[in-house]
Amino acid sequence: AFVAASVLASKQEPPPPTPAPVPVEKRQDLSRVAVIAILLSGISGMVNVVAILQMGGTVAHHTGNSSHTGRLAGVDGTRFAVLMLAYFVGAGVTGFRKSNGENPLLGKASPALLGCAVAVAGGGLVHWASGNSLLALPVLAFSQGMHNGVTSKFSSMPLRTTHMTGTITDTGAACGAW
């Protein structure tokens, strides 16, 4: 009887099925989604502008960095490739940690966005303490990869808050479908 009870106790019920995502235009909290998306995009934009103006490099979108990596290969392209790699690793962290893109919209804690904020502060501190942009920029790029990685996990549509090309594409397609 004990063996049968322990076998039954060890069998867990499967988790309930994940509900299908609600299209963004049908969400009850659409205005909250819009405000948070705008706020997160603004924050990312500020990080990117400060990186450009104070450190001479972009950390939130990488089309130009990709072009410069190829254009300056063998001369000075490595610094642009490092920024793309740091962004990639930041996004990879959110995938590895299975970060939930709904948390910021539901008023719940988002460890990934907290990590992003810590990385932004760390990049600023590195630049302030050393004046070395080549050390600070990858930390900021890492933070923006985390930032975009978590917001891209929003269930209704990816909120690519670090760059506008994907967001404009997704929004245009959603409006067209609507």
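This is a predicted model: local features need pLDDT of at least 70, side-chain atom pairs count only at pLDDT 80 or more; totals for chains, interfaces and linings use all residues.
1. Helix 5 contributes Ala112, Leu113, Gly115, Cys116, Ala119, Val120, Gly122, Gly123, Gly124, Val126 and His127. Their partners in helix 6 are Ser133, Leu135, Ala136, Val139, Leu140, Phe142, Ser143, Gln144, Met146, His147 and Val150. Sorted by class, the residues of this contact comprise 13 nonpolar, nine polar and no charged ones.

2. The geometry of this pair is as follows. Helix 5 spans residues 111-130, and its axis lies 8 Å from that of helix 6, at an angle of about 165 degrees. An angle over 145 degrees counts as roughly antiparallel, and helix 5 and helix 6 are therefore roughly antiparallel to each other. The crossing of helix 5 with helix 6 is left-handed.

3. Helix 6 (residues 133-151) also packs with helix 2 (residues 30-55): the two axes come within 11 Å and cross at roughly 165 degrees. Helix 2 and helix 6 are therefore roughly antiparallel as well, and helix 2 passes helix 6 in a left-handed crossing. On the helix 2 side, the contact is formed by Leu40, Ser44, Val47, Ala51, Gln54 and Met55. On the helix 6 side, Ser133, Ala136, Leu137, Leu140, Gln144, His147 and Thr151 take part. Seven of the residues in this contact of helix 2 with helix 6 are nonpolar, six are polar and none is charged.

4. The largest nonpolar core has twelve residues: Val24, Val33, Ile36, Ala37, Leu40, Leu105, Ala112, Leu113, Val150, Phe154, Met157 and Leu159. Helix 2 and helix 5 are the elements that supply two or more residues to this core. The most come from helix 2, which gives four. As background, nonpolar side chains in soluble globular proteins tend to be buried together.

5. Leu105 is one of the residues of this core. Setting aside neighbours within four places in sequence, Leu105 is in contact with Asp29, Arg32, Val33, Ile36 and Phe154. Another core, of eleven residues, lies apart from the largest one; among its members are Ala51, Met55, Leu83 and Ala136.

6. A last point concerns Pro158, which is located in the loop between helix 6 and helix 7 (164-177). Is Pro158 buried or partly exposed? With a relative accessible area of 24%, Pro158 is partly exposed. Pro158 and Asn148 are separated by ten residues in sequence, and their C-alpha atoms are 9.1 Å apart in space.

Conventions: Residues are numbered from 1 along each chain as its sequence is written. Side-chain values use heavy atoms; hydrogens and water are left out. Axes are lines fitted to C-alpha atoms, for helices over the stretch in contact, and angles run from 0 to 180 degrees between N-to-C directions. Angles under 35 degrees count as roughly parallel, over 145 as roughly antiparallel, 65 to 115 as roughly perpendicular and the rest as oblique. A crossing is left-handed if the near helix is turned anticlockwise from the far one by less than a right angle, and right-handed if clockwise. Contact means heavy atoms within 4.5 Å. Ala, Val, Leu, Ile, Met, Phe, Trp, Tyr, Cys and Pro count as nonpolar, Asp, Glu, Lys and Arg as charged, and the others, Gly among them, as polar. Buried means under 20% relative accessible area, exposed over 50%, partly exposed in between (1.4 Å probe, protein chains only). A nonpolar core is a set of buried Ala, Val, Leu, Ile, Met, Phe, Trp, Tyr and Cys residues joined through side-chain atoms within 4.5 Å.
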